[in-house]
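Reader: I'd like to learn how to read strands and pockets in a model like this one. Could you walk me through it?

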Amino acid sequence: MKHCSKALTEFLYTHFSMHLARYDVMAQLILGIVKMGSVQLTTLSRVFDSQAKSASTLRRLQRFFVQQKLSWRAVANAILALKPPPDKLILTMDRTNWAFGSLDINFLVVGYVVEGITIPLVWLLLDHKGNSDTDTRVLLLQRALSVLGDRPIHCFLADREFIGKAWFSTLRDMGVSLCIRIKNTTLLRHSNGGTRHAKTFFEDLSQGESRTLATKLWGKDMQITGLRLASGELLIVAVSPPLTDIHLPLYAQRWTIECLFKSLKTHGFFLESTHLKHHDRLSKLMSLCAIAFAWCVKVGSLKHSLKPISIKNHTRRLVSIFTYGFQALQCVLNKASSAKKYLPWKDFFAFLFSPNPLPAHLVNLTVVY
């Protein structure tokens, strides 16, 4: 992994400020997470490229989490450099949580949608289980908007957990168009001047049928779309002007953040298996996983452009872009050290952290792995 570690270290050097030795530790942690599909420090210490004993290496990794500070802005900029967002920028917000003994670990995450998956951009650890409050959501969204700079936001997606008069008003004040599922019992303005539960406007819908109406929600003009799902449940989505997309396919992209959480956990890095407890250290671990995730998506997207992922009978891809890149990188990291010496590994790994187009002499190497 020498060439890859060197290329990743050089990439990190352009985004972070730390002691020179810490760049190597951070790079090898990210590589280990990808190679082993694990965040357990005892596991990562065994693949750390060092002549030191494993116990010494483990203490070195532990010191990184205790002592090294990682700026959320630097992490976000590194992620954006690895996998820039598309022109039609869609943001998503959701929580992922798990328990470690009596400790509840609860991440609130904002990311952007790329090729059927959400890339994590900024996050906060809540100091309680359950839902977040408006102030916390606003802080996190402000961080996302500040690091995205002048990139225009097409839409903000969230589930019915993220509703409320103050929250919707803040989104409108920030100039963010929303597409958010609301509860069936949310009160909507009726044509007779009164209010009714949202579900009463769509109770007559048959399975697969939808309807859109213009009304007021919490005093603001909204487009409300209802759909009767195959399960019989009503899906009701609130969309703010001036969005003109077909509402339900737009909202369907909210599922991409669920795919992100699966990839960070049971379908990828097994984030929830960590024994870290302190919020600061957990946030650093999420930073490493987010960078590793963006790298996998970049490689998966590249390989998909050269060798497209197979489409199954139900018209969905055989694997996600993340999994495609994750598997390719695992193969590369496990085989590169024993491959033929003439293969241009140095150039190959340097490209994987570069915004430049793929050189012709690396195309075959990319497709093979």
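Predicted model: local features only at pLDDT ≥ 70, side-chain atom pairs only at ≥ 80, totals over all residues.

Reader: How many bridges link β9 and β10, and in which sense do they pair?

Author: Strand β9 (residues 220-228) pairs with β10 in the antiparallel sense over six bridges. One example is I224, whose bridge partner is A238. In the hairpin of these two strands, five residues lie between them, and G232 takes a positive phi near 95°.

Reader: Which residues of β10 sit on each side, and are they buried or exposed?

Author: In a regular strand, side chains alternate between the two faces of the sheet. Here L234, I236 and A238 lie on one side, L235, V237 and V239 on the other, and all are buried. With six of its six residues buried, β10 (residues 234-239) is largely enclosed by the rest of the structure.

Reader: Now to the pockets: how much space lies in the largest pocket?

Author: Rolling a probe the size of a water molecule over the atoms shows where empty space is left. In this model, the largest pocket holds about 440 Å³. Its lining has 16 residues, with G116, C259, R316, R317 and S320 nearest the centre.

Reader: Which helix gives the most to that lining?

Author: Helix α9 (residues 255-264) does, with three residues. By type, the lining of the largest pocket has seven nonpolar, five polar and four charged residues.

Definitions and conventions: Residues numbered from 1 in each chain as written. Heavy atoms only, no water. Buried < 20%, exposed > 50% of the residue type's maximum accessible area, 1.4 Å probe, protein only. Helix = DSSP H or I, 4+ residues; strand = E, 2+ residues; numbered from the N terminus. Pairing = 2+ DSSP bridges. 1 Å grid on protein atoms, 1.4 Å probe; cavity = no way out; pocket = protein on both sides within 12 Å on 5 of 7 lines; lining within 4 Å. Points joined across faces, edges and corners; volume = space filled by probe spheres on them. Nonpolar A, V, L, I, M, F, W, Y, C, P; charged D, E, K, R; others polar.
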